Amino acid sequence: MTTPLKVVAVVGNLQKPSKTRALADLIVDTLGDSEQIDATFIEIVDLLPGLAGTLDRDQVDTATADALAAVENADIVIAASPVFRGSYPGLFKHFFDLVDQYALANTPVILAATGGSDRHALVLDHALRPLFAFFQAWTAPVGIYLSAGDFDGTTILNPEVFERIEMAARDVLPVARMLADRASVPA
Amino acid sequence: MAFELGIYHFGELTPDPTTGKMMNPGVHLRHLVEQATVADQVGLDVFGVGEHHRTDFAVSSPAVVLAAMAQATNSIKLSSAVTVLSSDDPVRVFQQFSTVDLLSEGRAEIIAGRGSYTESFPLFGYDLSQYNELFAEKLDLLLKLRDENPINWEGNLRPSLVDGDVTPRPDRQIPVWIAVGGTPASVVRAAKLGLPLSLAIIGGSYQQFEPFVDLYRRAAADFGHDPKNLKVSIASPGFVDTSKQAALDTSYPYFQAGWMQNHHQRGNGVPMPRRAYEAQATTAGAFFLGGPQEIIDKTMAQYELFHHDRIMIQMGFGNVPQKDMLRAIEILGTEVAPVVRKEIESLKASEK
């Protein structure tokens, strides 16, 4: 029997309800269509103030400590962020500042973002991708960006978004499965 | 003019997702004629067939199909949806549609577009690099053909006409609509020429198209046309059944198969997941997908936004079986159309 893949979505929304969370939900649902997964959602807004008031990993509250551990042990990370002032919010970065430097090495990461208009689409490649390059993570070539026009509230309407997520999922799942199975073989 | 409801079809030949069997093009064409017959009987306003030039489509010459429908029907308007004018000869297009118009006693229409598929360009020897120029010039000729005979005309991409005798002459001016997908310049072209606009909204949120309709009416006014005389039609895929659940269950497998066949990235068909299809059926989604009440609600919500004159539903994309199609057409004509027409009439009356 195959072990479910541990999928952890870090969602950078600072309000609820959230378009970014809706996007993360859709990515997780799509991954779940073709693989057994255990999904965990980490919404940055839920970790306040334990995260914002802490500069050191040793001082974080239990919720933040659990969230950091979940990311570090994930088989697939979904990094989903809203665009604030042309980039991810500072608190999203602050969360990843506390993640162990090598914990994400080779971990498949799906980059996703939501913004007010298509003019921010390069946030995926100009902000998120360099962050995960630092972690030496295995970022999926296909990133997913949505602008306000792709939604009705938090319902995603643009059919092309669904296709793009399908593509990202098809690229990432075989890699994640292979890495997870390899890691589970006793040395 | 009373609000109009219609359906259109491309005659796609999608293998049946349950049996894998490809439909015979002749059977499919006869099915289309039967669909038009039922649409006519239940009082729908317009039936459209669109042109494609590929093995997996049965309709390459809409006018021929419409001519068959002309004989089988009494009052429904018969439209192309669309005519790829850029890669056709306007003289021939005019002759074919004037023939349909005469056969049908004044029920023919042309919806002209630049074409979203490109197969017809090499087939008839046209250069895709002249995509826009071809359309502009041929549209100019087609519109002149409606008014003048004999005709003198000169252009760059087609031989000139000197005292050209283009017949038969229809008893009236055949309506020419401009089909627009999402290019503001195309909207402005239709506005400039004072031609009715057929706006295709084939996915996503229809609210996003409000600026196009607004642009169309403002530009038309700037060009000296009274926007009140300019019709707007909204064209979107969909399917109608006894309930929303039934509409989704009946149509999804066929839509998904047709979508896979027609929608490629990286050389592969990309599926539309069921949840994506369901999103289109929500109040804000583009598809006319649901039971009678959902279709009525969506049409009314769109009317509040667009104040348009017509909807055309691309019904049962991907070859929904004929018995289901005929039921859908019947529901649209008997349960949706009367309510929508009445509601919009009373809205119009209250606005006066």
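Visitor: Is Glu109(B) buried or exposed?

Guide: The structure shown is a predicted model. Glu109(B) has a relative accessibility of 3%. Buried means under 20% relative accessible area, so at 3% Glu109(B) counts as buried.

Visitor: In which strand of chain B is Glu109(B) found, and which side chain does a polar contact of 3.1 Å join to that of Glu109(B)?

Guide: Glu109(B) lies in strand 5 of chain B, which covers residues 108–113. Apart from neighbours within four places in sequence, Glu109(B) is in contact with residues including Lys77(B), Leu78(B), Phe97(B) and Trp177(B). The polar contact of 3.1 Å joins the side chain of Glu109(B) to that of Ser79(B).

Visitor: Against which elements of chain B do the buried residues of helix 2 pack?

Guide: Helix 2 of chain B spans residues 62–72, and its buried residues include Pro62(B), Val65(B), Leu66(B) and Met69(B). These buried residues pack against helix 1 (25–41), strand 2 (46–49), strand 3 (77–80) and helix 3 (90–103) of chain B.

Visitor: How much area do chain A and chain B bury between them?

Guide: In the contact between the chains, 18 residues of chain A meet 19 residues of chain B. On the side of chain A, Leu157(A), Pro159(A) and Glu163(A) lose the most area to chain B, together 38% of what that side buries. Carbon and sulfur atoms carry 57% of the area buried between the two chains, which is about 1500 Å².

Visitor: Which residue of chain A forms a salt bridge with Arg275(B)?

Guide: The count of salt bridges between chain A and chain B is 2. In the salt bridge of Arg275(B), the closest N and O atoms are 3.0 Å apart, and the partner in chain A is Asp33(A).

Visitor: Which element of chain A supplies the largest share of the side that touches chain B?

Guide: Across the interface, 7 residue pairs are in polar contact. Helix 1 (19–34), strand 8 (155–156) and helix 6 (159–184) of chain A each supply at least two residues of the side that touches chain B. The largest share, 7 residues, comes from helix 6.

Key
Residues are numbered from 1 along each chain as its sequence is written. Chains are lettered from A and ligands numbered from 1 in the order in which they are written. This is a predicted model: local features need pLDDT of at least 70, side-chain atom pairs count only at pLDDT 80 or more; totals for chains, interfaces and linings use all residues. Side-chain values use heavy atoms; hydrogens and water are left out. Contact means heavy atoms within 4.5 Å. Buried area is the accessible area (1.4 Å probe) that two parts lose on being put together, summed over both. A salt bridge is a side-chain nitrogen of Lys or Arg within 4 Å of a carboxyl oxygen of Asp or Glu. A polar contact is a pair of N or O atoms within 3.5 Å; within protein, one must be able to donate a hydrogen and the other to accept it, and residues adjacent in sequence count only if both atoms are side-chain atoms. Helices (H or I, at least four residues) and strands (E, at least two) are DSSP runs, numbered from the N terminus. Buried means under 20% relative accessible area, exposed over 50%, partly exposed in between (1.4 Å probe, protein chains only).
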